[in-house]
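Hi,

Here is the structure I promised to pass on.

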Amino acid sequence: MKRLVRLIDRLRFALFRHRGDTEMAEEFESHIRMQTDENIRAGMTPDAARRNAAIRFGAAESVKDKYRDQRGLPLLETIRRDCRFALRLLRKDLTFTVAAVTILAIGIGVNVAVFRVTNAVLFNGFRFVDNERLVYIANGYGCCVSWPDFEDWRSEAKSFEGMAVVQGQGGVSVVDKSGFAERYDAMRVSSDVFKLAGQKPILGRDFLPSDELTGAAPVTILRYSLWEQRFAKDPTIIGQTLSINGTSTTIIGVMPQGFSFPQNQDFWVPLVPTAEVRQRDRRNLWCVVGRLAEGVQIQTARAEMESIGRRLAQTYPATNRNQLPIVQTFSEFFVGANAAVIYGAMWGAVGIVLLIVCANLSNLVLARALGRSREIAVRIALGAGRWRVSRQLLIESMLVSVIGGVLGWWIAELGVRIYQVSDRSWRVLDYTIDYRTLIYLLAVSLATGMLFGIVPALRAAKLDVNITLKDGGRGLTSARAKRVSSLLVTTEVALAVVLLAGAGVMVRSLAKLYTADRGFNSADLLTMNLALPPNKYSAGRDYLSYFDRLQMGLQAVPGVEAAAIANSLPGLGVPRLEYELAGSPAVADKQRDTVLAYTIGPSYFHTLAAPIVAGREFSDSDRAAGLPVIIVNQRFVDKFWPGDSALDKHLRLFKGNQSGPWLTVIGVASNIAQNALTNEPDPLVYLPYSQNPLPTAWLFVRSRVPPETLTPLLRQAIHKLEPELSIGTTATMPQWFRTRFQEKNTIASMFLIFAAIALLLASIGLYAVVSHSVTQRSNEIGIRIAIGASNRDIRALVLQQALVPLAVGVTVGVMFSFVVNPLLKSELVHVSPTDPLTLMGVSVILILSATLGCWIPVRRAMRVDPVVALRHE
Amino acid sequence: MKSTSEVWQGTLAMMVLKTLNVLGPQHGYGIAKRIEQTSGDLLSINQGTLYPVLLKLEQEGSLTSKWGISENNRRARFYSITKAGQKALAAEEREWERTNLIIARFCALRGEEQ
């Protein structure tokens, strides 16, 4: 404690030494005056009295020095002096400083950028929301809750302060008083969702429990950005009405700027539990947001929810068997189990970049210390302690590193912005800078400076003064120093190979994703999401008649080769239905196996250009009143009727407990990527749209012209038949794939950028070492040329310097890749983590790039003029 | 092994504390005078060396100081001993007594041998 007080006191003086000095001077002066006064009283003349007083006080300057030492921190004082000296040196050697600071800024910048992204994705979560207390509960990893389950959870669970259920609703048509219709994303929520999140509307009121009663007046709360963009921040917005999907709805509130929860929606409406929603087996609500009660750990909540789930399964075996609620944190629910792998790998990548930066700078600083070895030797000879000399060098390194860190901050800012733009996902995350980021930046900067400064500093401490001074300034060019620098470059090369190999397999996996055979021709295929206005169309035959007329109308549009409708896009799932094959033993309700059942219109496979393996596809003759029919895919046949013809076999599907009619298989479709774009398709079945009509559909159009040019014509044709039909997402199939692969794309690009930086740095590192050795050995080279060495000999001599680090580095790097790459396995599709082609490719790229880097010093060596080189001595 | 200057500083520190404990708040000059009076000429040449010691004691919390007006109407910094200082002084005095005793015994031992 005493020591701490003294330290604080000393620090205070060290920082504000000015005030301390004047006070000290005043105190000393007062002392001398008092002595003088007394001397005068004792009878001395004023002059003599003053002189005597000064003598008795002692050597004032030495006392002052001692006083200052006692007062401030001597260490801090010397460090300050070292810093000033270092700054002077850095300013003198501007080339080195700029190079070092640039490299450092990149290395530290990408690190901090990844830290901020990871911090946002894994820890910070939503902006303005108490993320630590919120958990997300569903009957699956990512979705699915039914209303009665939610009510039971809410009334029974004790671990929570409250629970709210949420359900997204995309592409809602909104018409304001101007009459202009637009589509927005809505979120249907329980009335207390904002209270749980910890936010209040900035305008108007929050939802009340009375808003979610059946028959309550429809109300909505707007997101700030919608209020800003659509309503120009109209302060009188509260009380105005909007037509949302044809229902007149009153605006009751506006949420604060930046608030969006629990995804990227434009407005919120109360979730009214209609009779349809109240079915226990209708698990189509998105998830339940729970706020943990004060002091309750997530493990406790998990255990409690599990026991509630078990109880519900006993009470309602038909609907709740195997339906335990899963309690997840923000990152588990929204980012997924793979998050740790992806962001861990990203962190590993930037860590490697930073290590390469360190090795690179270590070499640079070593070379610089080499050039200064004479100066250092003189300082040691004049009595500077070796520790003092090392410290001086280390401080120089740290100083460069801190400057690099400051610049790196801006690079990180840029990086985060780029990431934010490319990550167009539905998450609205908090990327704001917090104290953690600042601490991280400081720690990384200092640690980096320490890491790359330590080797040169230690070498300088071991400098042999005698040899250095005798040798004319080459004391550090010992074989040992050269070995150190070779080792550093080897490390750089190895690390770069590891990073390149990682990025390589990621990019290859992505390329495979784009080019994978999906079983249909995606080029020139356009899709649109259509929704019939509910006030005009209410029965199956209305839907059918519209889509029939639409298909006819579209055939007439020039450029349209074929058109079809379906209830899902490739890559999207559909509800699973229980099924029963004719002739198989009967199974109790709710215990049957399930199958994905897609609904498609006539000429779906024709439009997608996917072959029919056997039988035929649905046609206009499959009418509602006709024979109930079904198409199965090849996987389904392989699984249930291997080696047999599937045609005219029978099966039936169940909706709820209702058994459908027996369906006759009329066709076998080839396997196309239907429920997932990355895996092999599952066994699945197709139902005819005519026998299962729906008011919404995805339209598929195969185009003879570039698909983008067709869009306006299609819109015209669609609206000619029904002006009020709302058209949602419109995209070509490749565009749709790109959206689906967005996240993988972003991550692969980031790895590629990091790998490129690593490659560049490793090449520069090799260049620097070879170049330095050419400078050091220009005498020797000159002599060799003078006695007849050919260009080839010289080239071999110089390249030899690079050969060993390169060969060893690449070998070690490839070996490490075999260990490191399998960590990426879960992120890779259709490619082995240790894909030999990729490993070979990256080795070749690195060797080429490094050789290119060595070419400059090689040419310089060949141009050494023996006369000049020898005179130089 | 402490260096001589450290031993000297330690001795001086004890003298300062003792002085302040007996006389109450004093300025540097007053302390110097008092030590001169009690110790003979120990401080007569180097009164200034007192100040780093005062500062150290203050940093340790044994002393506090504030500016005031001396009896001769001069602005001066007055030092006074704190509770912690008195404790430290007591400990220091015990230590010195012990040391003195041991030294005295050794001296006596030598006398016997001769």
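The contact between the two chains takes 28 residues from chain A and 26 residues from chain B, where contact means heavy atoms within 4.5 Å. Before I go on, this is a predicted model, so local features need pLDDT of at least 70 and side-chain atom pairs count only at pLDDT 80 or more, while totals for chains, interfaces and linings use all residues. Residues are numbered from 1 along each chain as its sequence is written, chains are lettered from A and ligands numbered from 1 in the order in which they are written, and side-chain values use heavy atoms, with hydrogens and water left out.

Back to the interface. About 2,600 Å² is buried between chain A and chain B, and carbon and sulfur atoms give 51% of that. (Buried area is the accessible area, with a 1.4 Å probe, that two parts lose on being put together, summed over both.) Glu27(A), Met34(A) and Arg56(A) supply 25% of what chain A buries against chain B, more than any other three residues.

Arg56(A) turns up again in a salt bridge with Glu36(B), where the closest N and O atoms are 2.6 Å apart. Between chain A and chain B the count is four salt bridges, a salt bridge being a side-chain nitrogen of Lys or Arg within 4 Å of a carboxyl oxygen of Asp or Glu. There are also 13 residue pairs in polar contact across the interface, both residues at pLDDT 80 or more. (A polar contact is a pair of N or O atoms within 3.5 Å; within protein, one must be able to donate a hydrogen and the other to accept it, and residues adjacent in sequence count only if both atoms are side-chain atoms.)

Which elements of chain A give two or more residues to the side that touches chain B? They are α1 (2-15), α2 (17-41), α3 (46-57) and α4 (60-71) of chain A. Helices (H or I, at least four residues) and strands (E, at least two) are DSSP runs, numbered from the N terminus. α2(A) gives the most, with 12 residues. By type, this side of chain A divides into nine nonpolar, five polar and 14 charged residues. (Ala, Val, Leu, Ile, Met, Phe, Trp, Tyr, Cys and Pro count as nonpolar, Asp, Glu, Lys and Arg as charged, and the others, Gly among them, as polar.)

Now for chain B. It has an open sheet of three strands in the order β1-β3-β2, with antiparallel pairing; two strands pair if DSSP finds at least two bridges between them. β1 (26-27) and β2 (63-69) of chain B are at the edges with a single partner strand each, so one side of each has no neighbour in the sheet.

Over in chain A, β17 (residues 650-655) runs antiparallel to β13 (residues 576-581), joined by four bridges, and Leu581(A) has Leu651(A) as its bridge partner. Two bridges join β17(A) to β19 (residues 663-669) of chain A, again antiparallel, with His650(A) partnered by Thr664(A). β18 (residues 658-659) of chain A is joined to β17(A) by two bridges as well, and there Lys655(A) pairs with Gln658(A).

A few last spots to look at. Over all chains the structure holds 36 salt bridges. In one of them Arg623(A) meets Asp548(A) at 3.0 Å, N to O, and this pair links distant parts of the chain, 75 residues apart. A cis peptide bond joins Phe261(A) and Pro262(A), with omega about -5°; Pro262(A) is in the loop between β7 (247-254) and β8 (267-270) of chain A. Ala609(A) has a positive phi of about 60° although it is not a glycine.

Cheers
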